[in-house]
Amino acid sequence: MESADRSICINIPAERSVTLLDTWTARESLVDRGRCCAIGLSDIGLNELLPLYESARIKPAVVRVELHPYLLETELLEFCKEKGVVFLAFAPLGHEARPGPPEDPVISAIAARVGKTPAQVLLAWAVQQGVRRCSLLCFHELTN
């Protein structure tokens, strides 16, 4: 595998004796050694991202967070756009909460009006927000 094909995404460490910046610095060394070409973050808010972004030698290539009409991440999305960080929307159809966005009467009404499924409406909404990539939690959600 070419190093250009490898990337790594990290979550905020649960063990708080190891800071996010410590973890990030270790990941930067993986890039330095050619073990991956890009690193990113998952499940992070803007308040946690800002100090890391300011201190990081290698800036995050991607930020992956849950995003759908029930969970807006407007400030984080705008920051990522401004800094050129890819914003990956996790669970754009909702995550665990039921009823969720696909069952929302407003989403269903829009879907019926435009002749699409609620899932298609939600994915279109994510694209309209400026999200460049979507990561589906479960493919079976597309059929609901």
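## Starting on helix α3

Lysine 81 is partly exposed, with a relative accessibility of 41%. Keep in mind as you look around that this is a predicted model. The side chains of lysine 81 and glutamate 78 form a salt bridge, with N and O 3.3 Å apart. Both sit in helix α3, three residues apart, so about one helical turn separates them. An α-helix has 3.6 residues a turn, so residues three or four places apart point the same way.

Next, select glutamate 82 and lysine 83. They form a salt bridge as well, and their closest N and O atoms are 3.8 Å apart. Glutamate 82 is exposed at 61% relative accessibility, while lysine 83 is partly exposed at 37%.

Arginine 57 itself is exposed, with a relative accessible area of 52%.

Select residues 46–55, which make up helix α2, and colour its buried residues: Leu46, Leu49, Leu52 and Tyr53. Viewed down the helix axis, they fall within an arc of 130 degrees, so they line one face of α2. On the face turned away from that buried side you will find the exposed residues Asn47 and Glu54. What do the buried residues of α2 pack against? Their partners are α1 (20–32), β2 (38–42), β3 (62–66) and α3 (74–83).

Now widen the view to the largest nonpolar core, which has 26 residues. Leu41, Leu49, Val63, Leu76, Phe87 and Val131 have the most contacts inside it. At least two residues of this core come from each of α1, β2, α2, β3, α3, β4 (86–90) and α5.

Zoom in on leucine 76. Setting aside its neighbours within four places in sequence, leucine 76 is in contact with Ile44, Leu46, Leu49, Val63, Val65 and Phe87.

## Over to α5

Select α5, residues 118–128. Its buried residues are Pro118, Ala119, Val121, Leu122, Trp125 and Ala126. They cover an arc of only 160 degrees around the axis, which puts them on the same side of α5. The face turned away from that side carries the exposed residues Val127 and Gln128.

Pick out glutamine 120 in this helix, which is partly exposed at 41% relative accessible area. Its side chain reaches the backbone nitrogen of threonine 117 at 2.8 Å. Draw a C-alpha to C-alpha line from glutamine 120 to leucine 93: they are 27 residues apart in sequence and 9.3 Å apart in space. After α5, stop at glycine 130, where phi is positive, near 100 degrees.

## Last stop: the cysteines

How many disulfides does the structure hold? The number is zero. Cysteine 36 is in none, and the nearest cysteine sulfur, on cysteine 37, lies 6.9 Å away. Cysteine 36 is buried, at 6% relative accessible area, and cysteine 80 is buried at 1%.

Technical notes:
Residues numbered from 1 in each chain as written. Predicted model: local features only at pLDDT ≥ 70, side-chain atom pairs only at ≥ 80, totals over all residues. Heavy atoms only, no water. Buried < 20%, exposed > 50% of the residue type's maximum accessible area, 1.4 Å probe, protein only. Helix = DSSP H or I, 4+ residues; strand = E, 2+ residues; numbered from the N terminus. Arc of directions from axis to C-beta. Contact = heavy atoms within 4.5 Å. Disulfide = S-S within 2.5 Å. Polar contact = N/O pair within 3.5 Å; in protein donor to acceptor, adjacent residues only side chain to side chain. Core = buried A, V, L, I, M, F, W, Y, C linked by side-chain atoms within 4.5 Å. Salt bridge = Lys/Arg side-chain N within 4 Å of Asp/Glu carboxyl O.
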